[in-house]
Amino acid sequence: LPAGLGWALVFTPSLGTVGRYFPARRALATGLVVSGASVSGLALGPLVPLLLDTYGWRGALLLLAAISFNLVAAGALLRPLPVPDESPGPPRDRPGLVRLLRHGPFLRYALAFVLVDAGYYVPFVHGAARAHEVGCDEHRAGLVMAAMAAVDGGGRVAAGWLATRPATSLLRHLFAWAAVTGLVLLLLPLGTSFGGLLALALAYGFCAGAVVPLQFAGVAEVVTAGQLVNAIGLMQMFESFGSLLGAPIAGWLRDTTGTFTISFLTAGAFLLAGSLLILTLPGCCSTSR
């Protein structure tokens, strides 16, 4: 619990700061920042078992905590910047959480990601079990999951770079990537062999990674820069309900039906529903930013 709270207190202001630092290339900057999570995830995969074997669980946790303490130095380098809608003096009538709770477009945006997250994590949680279901051994199941995680970072950077193109609004980019991710998830049950499942896992990992930077950069398209940090934090609080419910629902459907087919189809439907809700946001269908 304390670790989760600590990471939440780091993640939200970090993304809000990036959004303020790079308003013109917010999506690309966010993509580069969040791609670090994919790199660290791949690095910690083999590192944690090595630390456990060498130092035991207590020693391993102490070393991981020491690594995490580097966040203090990184945070000390961040400096607040003025934003266009804020006066340099003491804040007056500053929009807060209460106003965000009355902000219709923001509430639709948050609800969209409650739905998206209800399906988003299902392949990451149940992907190995699906690989076993189609006859893969432990090694091949691990390869499927590693491949999905590896291309995730590439998707984050690629989507951030593509979103800098001025011809299409960022929210439309976000809608497109979320919809494609949902469609790929609907196709995952067709992967009934190692090769087919691996190909679909690679496609899903890339598209799912592409959604992440656009999700956080897109908040600034819905609210003002002065509300950015509050909006990101509140959105993450809402979407955590979808994240917590999605994988258990998929597991229950697997137990009920005896296969992951309905689980993945339901998860894909959640993603598509969330992507369609993004279309209702102001500015999503504009031709330029």
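The model is a predicted one, in which local features need pLDDT of at least 70 and side-chain atom pairs count only at pLDDT 80 or more, while totals for chains, interfaces and linings use all residues. Residues are numbered from 1 along each chain as its sequence is written, and side-chain values use heavy atoms, with hydrogens and water left out.

Helix H7 (residues 138-162) packs against helix H9 (residues 194-222) at an angle of about 35°, and their axes lie 6 Å apart. Here helices (H or I, at least four residues) are DSSP runs numbered from the N terminus, and axes are lines fitted to C-alpha atoms, for helices over the stretch in contact, with angles from 0 to 180 degrees between N-to-C directions. The crossing of H7 past H9 is right-handed, that is, the near helix is turned clockwise from the far one by less than a right angle. By class, this contact of H7 with H9 has 19 nonpolar, four polar and three charged residues. Ala, Val, Leu, Ile, Met, Phe, Trp, Tyr, Cys and Pro count as nonpolar, Asp, Glu, Lys and Arg as charged, and the others, Gly among them, as polar.

The structure also holds three cavities of 30 Å³ or more. A cavity is a set of points on a 1 Å grid over the protein atoms alone where a 1.4 Å probe fits but cannot get out, and lining residues have an atom within 4 Å of a point. The largest cavity contains about 70 Å³ of space, a volume being the space filled by probe spheres set on the points, which are joined across faces, edges and corners. Among its lining residues are Arg130, Met148 and Phe264. H6 (122-133), H7 and H9 each give two or more residues to this lining, and H6 gives the most, with three.

Conventions
1 Å grid on protein atoms, 1.4 Å probe; cavity = no way out; pocket = protein on both sides within 12 Å on 5 of 7 lines; lining within 4 Å.
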